Each structure stands twice: as structure tokens, then as C-alpha cells.
Amino acid sequence: LVHMTYSKWDVAIAEDVIATFRDEPGPVLIALQAIQEKFGFVHDDALQMIADAFNVSRAEVFGVFTYYHDLKKSPQSGKVVKICAAEACQALGCDKLISDAQAAGIEVEKAYCFGNCALGPAAMIGDRLIGRATLEKLK
């Protein structure tokens, strides 16, 4: 499995990360993604920091944050397996794969379409896409 190393939450580092996106279109989402990439999750304090930086309400930032399921509010174990639960993968047995993986103690996160529909059910571990995913392949 791919193991990412993240910085410990630090307000000053977060401010530097956010500041790099001041002139970008759609800076709220980009800043949220950058914070998560740096720390492994989006600390609650970052929501207000981003709101202040881009002159939007905290509620607007929170709305963007909750809309995108890949954004996390707490650190993850690092061994999360994303399994596609969209229609094509449902037709190819993703629901059973999800329950089997969870029963085997694998931390599973449902995702919606990796664009690998012909080889479903599809899963993602780190940056690695797995087609025709089975419990054995996930282990």
C-alpha cells in the first residue's frame, strides 16, 4: 500500500498553503484539497481560515467541504481502500465486495466512478486503480 507522510497540523503552514491560491478561480475547493494533501485531512480551523482568505462565509466553505466526499475532517488510518459503488460496479458485485472487505477488517470508503466501468468492480488503493477487484486483490 502507498503510505503518505503528512505534516502535523500547523496554522502557519496552513496559511502559507491557502495563500498560494489567492488568485486562482475556484480557490475554496483548491485550498481545501491542498490542505488535505499537506495534512492528510482538513482541520476544522482551516474552514474559517479559507473563508477569511477568500472573503466568503464559513458556511460556503463548509458546503464545498461536505459536498466532496474525498475531503476528510480527521486523519485516516492510511490504509483506506476506495471501492466504486456507482451503477456499473453495482451490477458487477461491488456491494458484496464492500461487505466482504469490511468483514475482513479492511477500511473501505465508497467512491463513485473511477472511469473503469468495463473492468468493474473497480477499487483504488492510493493512486493504484484495480480492475475486476476481488477481496484477494484488495488484500
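Which residue forms a salt bridge with D44? The partner is R58, with the closest N and O atoms 2.7 Å apart. The model discussed here is predicted.

## Salt bridges: the count

Side chains of opposite charge can pair when their charged atoms come close. A search of the whole structure finds four salt bridges. Among them are D44 with R58, D70 with K82, and K72 with E109.

## D44 and R58: helix to helix

This pair links distant parts of the chain. D44 sits in helix 3, which covers residues 44–54. R58 belongs to helix 4, residues 58–67.

How accessible is D44? Its relative accessible area is 48%, so D44 counts as partly exposed. R58 is also partly exposed, at 31% relative accessibility.

## D70 and K82: loop to strand

D70 and K82 join their side chains in a salt bridge, at 3.5 Å from N to O. D70 lies in the loop between helix 4 and strand 1 (80–84), and K82 lies in strand 1. The pair therefore ties together parts that are twelve residues apart in sequence.

D70 has a relative accessible area of 46% and is partly exposed. K82 is partly exposed too, with a value of 25%. The cut-off for buried is under 20%, so K82 does not qualify as buried.

The side chains of K72 and E109 form a salt bridge, 3.1 Å from N to O. K72 is in the loop between helix 4 and strand 1, while E109 is in strand 2 (residues 107–111). Parts of the chain 37 residues apart in sequence are thus tied together by this pair.

Are K72 and E109 buried or exposed? Both are buried.

## Helix 1 against helix 3

Two packed helices are described by the angle between their axes and the distance between the axes. For helix 1 (residues 11–19) and helix 3, the angle is about 40° and the axes are 10 Å apart. That makes helix 1 oblique to helix 3. The crossing of these two helices is right-handed.

Which residues make the contact? Helix 1 contributes V11, A14, E15 and I18. Helix 3 contributes A46, M49, I50, A53 and F54. Eight residues of this contact are nonpolar, none is polar and one is charged.

Key:
Residues are numbered from 1 along each chain as its sequence is written. This is a predicted model: local features need pLDDT of at least 70, side-chain atom pairs count only at pLDDT 80 or more; totals for chains, interfaces and linings use all residues. Side-chain values use heavy atoms; hydrogens and water are left out. Helices (H or I, at least four residues) and strands (E, at least two) are DSSP runs, numbered from the N terminus. Buried means under 20% relative accessible area, exposed over 50%, partly exposed in between (1.4 Å probe, protein chains only). Axes are lines fitted to C-alpha atoms, for helices over the stretch in contact, and angles run from 0 to 180 degrees between N-to-C directions. Angles under 35 degrees count as roughly parallel, over 145 as roughly antiparallel, 65 to 115 as roughly perpendicular and the rest as oblique. A crossing is left-handed if the near helix is turned anticlockwise from the far one by less than a right angle, and right-handed if clockwise. Contact means heavy atoms within 4.5 Å. Ala, Val, Leu, Ile, Met, Phe, Trp, Tyr, Cys and Pro count as nonpolar, Asp, Glu, Lys and Arg as charged, and the others, Gly among them, as polar.
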